[in-house]
Amino acid sequence: MSIYSPLAQSYKDALSCLSKFINNEENITKTVSISQDLAKAFQDGNKAIICGNGGSACDAMHFAEEFTGRYRGNRKALPVISLTDPSHITCVGNDFGFEEIFSRGVEAFGKPGDLFFAISTSGNSENVIRAVKKAKEQNLKTIAFLGKTGGTLKGMCDFEFVVEESTSDRIQEVHMTILHIIIEGVERLLFPEQY
């Protein structure tokens, strides 16, 4: 049995998904605004916090390390916290329940002027929903990365990206592209000499 055709189609589906997202000018405008807000937060001594489950947790860690480490060139480390520490997750999950693993992190680290990034391909992850609510209580600017129809989280955040695809893999591919381009936007604003 040949798998060439279905795999070739998967590449075409990924391209189509990204093209559809890019062709919505509002998505570009939001990317610019978020990059500007995040750059301003860093300039003002604030930070970003990010969370997600499963593959989205990996995307959250990837986003954070691109700021604390490097993206395209050497520059000052920038403060982004991914709420993925296993000891924190198991402690809070054991003591308060899995639904609270991210909200407790927001409560501990979040302060006005910070940005909170929430990733949920379904938009229905209860622990992410509670974290968004906590971030709003603490006056953080909120940004959601969603998929499918946006789920319960749709409309809850200051900014949101909804990738209207049915499978998590295609959604996550676009989410990571957006996250990378936000990083580039911040670097272009704060470290223009690199570009």
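## Basis

Axes are lines fitted to C-alpha atoms, for helices over the stretch in contact, with angles running from 0 to 180 degrees between N-to-C directions. Helices (H or I, at least four residues) and strands (E, at least two) are DSSP runs numbered from the N terminus. The model is predicted: local features need pLDDT of at least 70, side-chain atom pairs count only at pLDDT 80 or more, and totals for chains, interfaces and linings use all residues. Residues are numbered from 1 along each chain as its sequence is written, and side-chain values use heavy atoms, without hydrogens and water.

## Helices α5 and α6

The axes of α5 (residues 101-109) and α6 (residues 126-137) come within 7 Å and cross at roughly 20 degrees. The two helices are therefore roughly parallel (angles under 35 degrees).

Contact (heavy atoms within 4.5 Å) involves Ile101, Phe102, Ser103, Val106 and Glu107 of α5, and Asn127, Val128, Arg130, Ala131, Lys134 and Ala135 of α6. By class, 6 of these residues are nonpolar, 2 polar and 3 charged.

## Nonpolar cores

A nonpolar core is a set of buried (under 20% relative accessible area, 1.4 Å probe, protein chains only) Ala, Val, Leu, Ile, Met, Phe, Trp, Tyr and Cys residues joined through side-chain atoms within 4.5 Å. The largest has 33 residues, and Leu38, Phe63, Phe67, Phe117 and Phe145 have the most contacts inside it. Elements giving two or more residues include α1 (4-22), α2 (25-43) and β3 (115-120); α7 gives the most, 8 residues.

Leu38 touches Ala48, Phe63, Phe67, Leu115, Phe117, Ile182 and Val186, leaving aside residues up to four places away in sequence.

Notes: Angles under 35 degrees count as roughly parallel, over 145 as roughly antiparallel, 65 to 115 as roughly perpendicular and the rest as oblique. Ala, Val, Leu, Ile, Met, Phe, Trp, Tyr, Cys and Pro count as nonpolar, Asp, Glu, Lys and Arg as charged, and the others, Gly among them, as polar. Buried means under 20% relative accessible area, exposed over 50%, partly exposed in between (1.4 Å probe, protein chains only).
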